[in-house]
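Welcome! Take a moment to turn the model around on your screen, and then let us walk through it together.

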Amino acid sequence: MKKVLSLVLSLAIIMTMFIGIIPTASAASGLYVSGTKLYDGNGKEIVLRGVNVPYAWYKRDSLTAINALGNLGANSVRVVCSNGVQWTKTTYNELSNIIQTCKNNNMICILEVHDTTGKDSTSDLNSAVNYWLEMKDLLNANKDYVILNIANEWMGSWNNGSTWRSAYVSAVKTIRNAGIKNVLLIDGPGYGQETSPLISNCQTVKAADTTGNIAFAIHMYSVAGKNSTTVKNNIDRMLAKGVCLIIGEFGDYQNGGDVDEATIMSYCNTKKVGWLAWSWNGNSG
């Protein structure tokens, strides 16, 4: 019962914090990044408040979940997709339906390939890039609603920041040279939790994007979000680099380790940093 009450309270806090931050429909110029901020095509700042929805594992229920999030006042949803390497490939038509459902709810849609989770090979990252190249026309047609989160938690190992940096510099150039115009979102290494190499190398990766429309994500669990000091330091150090930061995932615990979700939400409010909770369903330890 205590766990249930805690969950109910957490959801109540989350949904209260959604109120009043719904974006207006963007102009044809699409979403863009300037400094540490994300804007719609009308120049209105957007602070993302949403939840992850694992479409690749729960296709039957996910569009219903996205509609429910819209009804609760979320302005964004991060959607688990697959390029077919580990799970059934999310097709062009499926992506189109996901995007349209988000648009119907006036929500920003963050699309990510989840098959790369914890992988260290650049071939896995490149496979995700190639998937997005297939979807180029659909992505560009919806650049006012879609953020492209290239690969979920690629680079699972730690102390390998140079490989993470060079691989993403190449990936960003490939995506832009192919003509994809959406805002790009890049997860940090170490399953999204190793912040030191992210902080050290984010500006180099950003410089690879000639449009400047790039943001970075920390996933805050029992390492990157373990306590108030860690949460605030990670956010402050990234913002000091002059880049746009989003907390792409966070929970209340991980593998028995506590996460300071209260500070994540409150400090993101203070700093106007976007966050997306993990997740609507499909959770475990």
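## The chain as a whole

In the protein chain of this predicted model, 78% of the contacts with a separation of 6 or more are between residues 24 or more positions apart.

How much of the chain is buried? Of its 285 residues, 54% count as buried. The accessible surface of the protein chain is about 11,200 Å², and carbon and sulfur atoms contribute 50% of that area.

## A sheet of three strands

Now look for an open sheet made of 3 strands, with antiparallel pairing and the order S1-S2-S3. Strand S1 (32-34) and strand S3 (45-46) are its edge strands, each pairing on one side only.

Strand S2 covers residues 37-39 and runs antiparallel to S1, with 3 bridges joining the two. Which residue stands opposite Tyr32? It is Tyr39, in S2. As background, strands of a sheet pair through backbone hydrogen bonds, in either a parallel or an antiparallel way.

## A closer look at Glu249

Next, find Glu249 in strand S10, which spans residues 244-250. Is Glu249 buried or exposed? Glu249 counts as buried because its relative accessibility is 3%, and the cut-off for buried is under 20%.

Which residues does Glu249 touch, leaving aside neighbours within four places in sequence? Its contacts include Asn52, Arg78 and His114. Also among them are Asn152 and Glu153, the run Ile218, His219, Met220 and Tyr221, and finally Leu276 and Trp278.

Notes
Residues numbered from 1 in each chain as written. Predicted model: local features only at pLDDT ≥ 70, side-chain atom pairs only at ≥ 80, totals over all residues. Heavy atoms only, no water. Buried < 20%, exposed > 50% of the residue type's maximum accessible area, 1.4 Å probe, protein only. Contact = heavy atoms within 4.5 Å. Areas by Shrake-Rupley, 256 points an atom, 1.4 Å probe, with all protein chains shown as cover. Pairing = 2+ DSSP bridges. Helix = DSSP H or I, 4+ residues; strand = E, 2+ residues; numbered from the N terminus.
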